[in-house]
Amino acid sequence: MPDATLSPAAIEVVALTKRYAQGRPAVDGIDLRIDGGSYCCLLGPSGCGKSTTLRMIAGHESVTSGDVLLDDRNITDLPAAERGTAMMFQSFALFPHLSALDNVAFSLKMKGIAKAERHRRAQDLLERVAMGHLAQRKPAEMSGGQQQRVALARALITQPRVLLLDEPLSALDPFLRIQMRAELRRWQKELGLTFIHVTHSQEEAMALADTMVVMNHGVIEQAGPPREVYNHPVNEFVARFMGGHNVIDTPAGKVGVRTDHVQVLPPGHAATGEAASLPAVVTDVEYQGTYVLLGLQKAGAALAAHATAEYAAMLPESTYAAQPFQVGESVQMCWAPQRAHALA
Ligand code: ADP
Ligand code: MG
């Protein structure tokens, strides 16, 4: 946009709580600060309170207790339209009978802004998301990706300082979803806005976020950069939810070990270097291209038919080719002690 009106704001929530009914609150006293201009993903299983948190930030849901601050200004009791936040809805929420231009201009029309002015501003925004040449198209005449860009432009027309996105990619097919998440990330960087994006996909959150916030049962289990959360999950829930980790009981307590940090050896073979080990049985072997995923179960445990593997090891294809294993074979899982992280 020619006028430099998009400036990012930080969001802070303090002891934010939402109680819909008796019993456990949907959001239970969370504290979180999201830096201005950063990409934050709220991540967690269905029902953990992500959307409720986002809607309280947006002003679409009342707060039971606690506060929402935008750049240190308390916006908890402001109406949605006066907060400096905007929600981007999924592309299918576009009005089918309106052109891209009129979809984007819609909220300005509601505010009574004259046609020439609202069309000028909508056109500017469409140019900004590389859709200027398709301004007269209706949603049905656009690809899924193009609709997504129009949905973004429509959210930006109110000049928000924070853009809120609730599962914006979940209606797209897997291929388009990966393409559009790269676009979202690029737009966020180019616009320099604060994005708060709700998803239940850890892969999506890791691909997008500067900060990911892992929620469960209305509380924050862990917040940090994706690499930190992935490599140092603080507890068993985060390790399991992020995936790619084994949670192993040791005499010193539960530890997390990444599946690609596990060596699998025939019984009696010594691991290279100092290693902890666990006798195990191979329960399945999955070829996945660049690596082979072994499912494993602790030796001695009764092997139920169709049991899901308790542990996994991700072996590079060449490692597996040099030393293949069969289902039912006894092995040892080995890992270097410094690869094991204590879990709460
Ligand atoms: P998520 O987005 O993480 O899937 P939600 O924030 O939508 O979770 O929901 C959190 C909890 O609050 C769930 O148990 C859900 O059933 C409940 N909930 C959400 N919205 C309402 C509502 N409007 N009325 C009553 N309960 C609700
Ligand atoms: Mg939700």
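The following dialogue examines how terms are applied to this predicted model.

Tutor: In this predicted model local features need pLDDT of at least 70 and side-chain atom pairs count only at pLDDT 80 or more, while totals for chains, interfaces and linings use all residues. Residues are numbered from 1 along each chain as its sequence is written, chains are lettered from A and ligands numbered from 1 in the order in which they are written, and side-chain values use heavy atoms, with hydrogens and water left out.

Student: Why is His-197 called buried?

Tutor: Buried means under 20% relative accessible area, exposed means over 50%, and partly exposed lies in between, with a 1.4 Å probe and protein chains only. His-197 has 0% relative accessibility, and therefore counts as buried. His-197 belongs to strand 8, residues 194–199, where a strand is a DSSP run of E of at least two residues, a helix is a run of H or I of at least four, and both are numbered from the N terminus.

Student: What makes the pairing of His-197 with Glu-204 a polar contact?

Tutor: A polar contact is a pair of N or O atoms within 3.5 Å; within protein, one must be able to donate a hydrogen and the other to accept it, and residues adjacent in sequence count only if both atoms are side-chain atoms. The side chains of His-197 and Glu-204 make such a contact at 2.8 Å.

Student: Why is Glu-167 called buried, whereas Ala-130 is called partly exposed?

Tutor: Glu-167 has a relative accessibility of 16%, so it counts as buried. Ala-130 has 40%, and is therefore partly exposed. Glu-167 is in the loop between strand 7 (162–166) and helix 5 (174–191), and Ala-130 is in the loop between helix 3 (115–128) and helix 4. Each is a residue other than glycine with a positive phi, near 45° for Glu-167 and near 60° for Ala-130.

Student: What makes His-232 partly exposed?

Tutor: The relative accessible area of His-232 is 42%, so the term partly exposed applies. His-232 lies in the loop between helix 7 (226–231) and helix 8 (236–242).

Student: Which residues surround ligand 1, and how is that known?

Tutor: A residue is near a molecule if one of its heavy atoms lies within 4 Å of it. The residues around ligand 1 include Tyr-20, Gly-49, Lys-50 and Arg-55. Cys-48 has a backbone N or O atom 3.2 Å from an oxygen atom of the ligand, Ser-51 has a side-chain N or O atom 2.8 Å from a ligand oxygen, and a polar side-chain atom of Thr-52 lies 2.5 Å from one. Taken alone, ligand 1 exposes 560 Å², of which the protein buries 55%; accessible areas come from the Shrake-Rupley method with a 1.4 Å probe.

Student: What makes a space a pocket, and what is the volume of the largest pocket?

Tutor: On a 1 Å grid over the protein atoms alone, a pocket is an open set of points where a 1.4 Å probe fits, with protein on both sides within 12 Å along at least five of seven lines; lining residues have an atom within 4 Å of a point. The largest pocket has a volume of about 500 Å³, a volume being the space filled by probe spheres set on the points. Of its 21 lining residues, Ala-86, Met-87, Ser-107, Ala-155 and Thr-158 are the closest to its centre. Strand 6 gives the most to the lining, with four residues.
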